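User: I am new to this structure and would like to learn how its features get their names. Could you take me through them, setting values against definitions?

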Amino acid sequence: MSRQPRVLWLVLALLAVLVAVTACGGGQPQAAAPSQAPAPTQAPAPKATEAPKPAPTTAPTQAPAPKATEAPKATEAPKATEAPKTTTSGAASPGVTDSEIVIGSWGPQDGPAGAYGVIDRAIAAYFKKVNDEGGINGRKVRFVYENDSYAPAKTVAAVKKLVEEDKVFALVGGLGTANNLAVTEYLVQNNVPHLSPNTGSTSVVKPLKKGVFGLQLDYTTEATLLTQYALDTLKGQKIAVFYQNDQFGKEGLDGINAELKKRNLPEATLVSYEPTDTNFSAQALKLQTTGADTVIIYAVPKPGASIIAEMTKIGFKPKMLSSAVINDPSLFQLAGPGAEGLIIAAWLPDYKDTSNPKIAEYQEFMKKYAANEQIGSFSLVGYTQGQLATEALKRAGKDLTRDGLIKALESFQDWKGSVAPSLTYTATDHQGVKAAYFQQAKNNVFVNITDFITMK
Amino acid sequence: MAWLTTLPWGQLIINGIALGSLYALTAFGIVLIYKTTDVLTFGQGELAMFSAFIAFTLLDRLKLPFPVAFVLTLVFALGLGAVVERVLMRRAQQGSILNSIIVTIGLALVLVGMAGFIWGYEVRPFPDPVTGPPFLFRVSPTQNLVLTQLSAVILAVTLVLMLLLFAFFRFSLVGIAMRAVAQNRVAARLMGIPVDRINALGWGVGAALGAVTGMLIAPTNSLFPNMMGDVAIKAYAGAVLGGITSLPGAVVGGLLLGIIDSVAGFQAPELRTTIAFTLLVIVLVIRPAGLLGRREIKKV
C-alpha cells in the first residue's frame, strides 16, 4: 500500500515515455499497415513522419562516423582505401568480374513494413531467371539484398555494407522514402548507381542526381492526374483531400492544390490523419460536413481502407479517388462495400489481367521462380525492376562500367520491354513512368477504365 | 468559439463512445490485473492482439463457428495469462516494482514479434461478430446519427463485464481474496489465501478479458501485430484518468478519452493525441488519483 504513490509516478513517467515514443516513432506501427500496395510509395508514408528527422541526420552523421576511424575525410575514405576504382570510370568497376556482376538492394524483410520484402525477393528471383538463361553479356548476376526493417538508420548501415564490403556495382529497388533520403547522398558521392528506388517521392530524382533513376509514377504527377480526372471527367465540384500528415501525403496534397490553383479554383478542403491513428470516424465525419462531392485519398492502405469504411458507415458516398498506394490485396476486405467505385491511378498493369501477354509471362515467371510468393502488386514491382536492370546492364555492354550503365539508361527512348508503360530517360530527366491509367473498383476488383494518360 | 456550436456533436459523441469503449475494454483489463496482482502491465494490448490472432486462426483456418472460436480463445487466453504469471511475473515480482513493469513491456515486445513471425505483418480483416445494418437515429430530416451494431455490442459487453466483475470483487469469496492479495500479500497468506494461485487467476482473467478485447477491436481496427499500439496507449490514459484502482473508473475514463479523441480528431486531427493527453495531465494535476480513484493514504 505504501507503494501506491510511487507507482502512480512511475505510471506517469512511463506514460510520458511511451507517448514520446509513439509521437515520434509512431509512424512505424502504422506503417505497419503493411501490406501496402505499390508499396514503395507508402513506405514513405509511415516513416515520413520520422523521415525528415532521422533521415537527414543519420545520413550525414553516420556516414562520417565509421569512416573517421579509417580516415579523417569521411566520404572519400572508403574509396581511397578499399576500392580505388570506385569513382573512376573506365577501369574495372567494383562488383564486376569476368563472370559476375554484383547488384545490391535493401528493404524490410520483417517488422511492420515486412510485407514489402517480397519486392527484393522478386528481384532476386528475376535475376535467377536471367542467370538460368545465360546471364548478361556472359556474366551472371549475384543479387545481395539487405534487411533494414524499414528503419533509415539501419538502411545507412546496410548500404555501407553493400558498397564497402560486398562492393556492389549498382543498387536496384532500395525501398522507402525516408530510407532513400538517408543514403542517396552517400550513393551519389560514391558514384553507385541506384535504379528505380522504391518510393514515389519526387525528392530522389529531383533535383537530378547522376546515378539515380526513378521508375514508379511519382506522387506529384499522380496527384495532378487524379485531380485532372476528378475535375474533367468526373465533373467534381468541390474537392476534399484525406491525407497522411507527412511528406508522402503532403506531396500529394501539393500536387492537387497546384492543379486547382492553375485553374483558379479554390483550394481543396483538407482532412489529415497521423500515421499512428487507428480510428478514422472523426475524419469521415469531417469530410462529410465539408460538403465535398469528391474525396481524394492520400493514405496508406490501412487508414485509406478505414476511411472508406467509416464514410460508408455514416452514409457519405462521394466520388472517391486515391493514390495507388492504397491498392493492397486486402483493400476490399478492409474497406468493405464502400470501396465500390473507388478510382485509382495505376502505373503498372493489373497483376491479375492474364489477357495481357506481359502479365501472363509474369505469372508464369512467378510460378516457376517464386512459387511461394504472392502474385500481387508488390512482386510485380520487383519483377519490373528486374526487367529494367537487366535491360540497362545489357545495353551497358561487355565492358561494364558505372558511367557506361548511366549512359545506357539515358539512352532509353520509349522503351516498352518491361511490364511498365513506355520508359524514357535522358541526361536531364531521370524520372521513369510519367503516365498512368485509371482503374475503378467494381465488385471488389479494379477494372481498367482508361488507357494510359499523360499529364495535360 | 463559433465552431463550438457548429460541430456535429451528436455523431461526434456517438463516435467517441464507440471509440472510447475500445479504450475502456483495454483499460479494464489493465485495471483488473493491477487490482488483483499489484502489477501495472504494459502487455495487455499485446495479449489481446495475440488472442485475436488465435481466434483468427480458429475462424479462418479451422473454419470454426464464431461462438466456438470465441470460447476456445478464452480458454487459451486464460491459460496464457496463468503461464505468464507462473513463468515470468512470479519471479519478476520478487524484485522491485520496476522489474515487473519492465517485464511486461518485454512481454509486449515478444508477443508482437512472435505474432509477426507466425502470422506475418500484413493487415488482415477480422470477421464481424455481428452483422446487420447500423442503428439510425433521426435527428433532423437530413441528418441521421449512426451507431454500428458492432459499436453497440462493444459498449454492451464493456458495461456488462464491468458490472459482473464489480460484483465479483464486491461479493464473491474469490474476488475478495483477490483484493486482499493485492492489498497485502503477507497478511493474505497468513489468512490462508493461496496467494500464488490467486495471482495466476488474476492474470488468467486479465488475459481472457484481453482476448475479448482483441476479438472485439480487431473487426474495427483490423488484425495485425501492432494493432493495439495506439489503443493501448489511450487505454492507459483512460485507466489513469478514471483512477487506476477503479474498475468503473477505467470505463468512465476510457469513454471520456474516446469522446475527447473524437472531438479533437474532428477539429484538429494533427493534435488529437496532444489534446487528449493535455487534458489528461490537467485532470491528474487537479485530482491525482483520477476521477473515480481512491486516494491511497500512506500509514506511517
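User: Where is A:Gln244 placed?
Analyst: A:Gln244 sits in strand 6 (residues 239–244) of chain A. Helices (H or I, at least four residues) and strands (E, at least two) are DSSP runs, numbered from the N terminus. A word on the source: this is a predicted model, in which local features need pLDDT of at least 70 and side-chain atom pairs count only at pLDDT 80 or more, while totals for chains, interfaces and linings use all residues. Residues are numbered from 1 along each chain as its sequence is written, chains are lettered from A and ligands numbered from 1 in the order in which they are written, and side-chain values use heavy atoms, with hydrogens and water left out.

User: Why is A:Gln244 called buried?
Analyst: Buried means under 20% relative accessible area, exposed over 50%, and partly exposed in between (1.4 Å probe, protein chains only). A:Gln244 has a relative accessible area of 1%, so A:Gln244 is buried.

User: What makes the meeting of the side chains of A:Gln244 and A:Asp246 a polar contact?
Analyst: A polar contact is a pair of N or O atoms within 3.5 Å; within protein, one must be able to donate a hydrogen and the other to accept it, and residues adjacent in sequence count only if both atoms are side-chain atoms. The side chains of A:Gln244 and A:Asp246 make such a contact at 2.7 Å. A:Gln244 also makes a side-chain polar contact with A:Tyr273, at 2.6 Å.

User: What about A:Ser149: is this residue buried or exposed?
Analyst: A:Ser149 has 12% relative accessibility and therefore counts as buried. Its place is in the loop between strand 2 and helix 8 of chain A. The side chains of A:Ser149 and A:Lys154 are joined by a polar contact of 3.3 Å. With contact meaning heavy atoms within 4.5 Å, and neighbours within four places in sequence left aside, A:Ser149 is in contact with A:Gly107, A:Pro108, A:Asp110 and A:Lys154.

User: How do you know that A:Glu164 and A:Lys160 meet in a salt bridge?
Analyst: A salt bridge is a side-chain nitrogen of Lys or Arg within 4 Å of a carboxyl oxygen of Asp or Glu. For A:Glu164 and A:Lys160 the N to O value is 3.5 Å, and their side chains meet in a salt bridge. The two are 4 residues apart in helix 8 (residues 152–164) of chain A, so about one helical turn separates them. A:Glu164 is buried at 13% relative accessible area, and A:Lys160 counts as buried at 10%.

User: Which parts does the pair A:Asp293 and A:Lys319 tie together?
Analyst: The side chains of A:Asp293 and A:Lys319 meet in a salt bridge, at 3.9 Å from N to O. A:Asp293 lies in the loop between helix 12 (281–289) and strand 8 (294–298) of chain A and A:Lys319 in strand 9 (residues 319–322) of chain A, so the pair ties together parts that are 26 residues apart in sequence. A:Asp293 is partly exposed at 23%, and so is A:Lys319 at 31%.

User: How many helices and strands does chain A have?
Analyst: Chain A has 17 helices and 13 strands, and buried residues make up 63% of its 456 residues.
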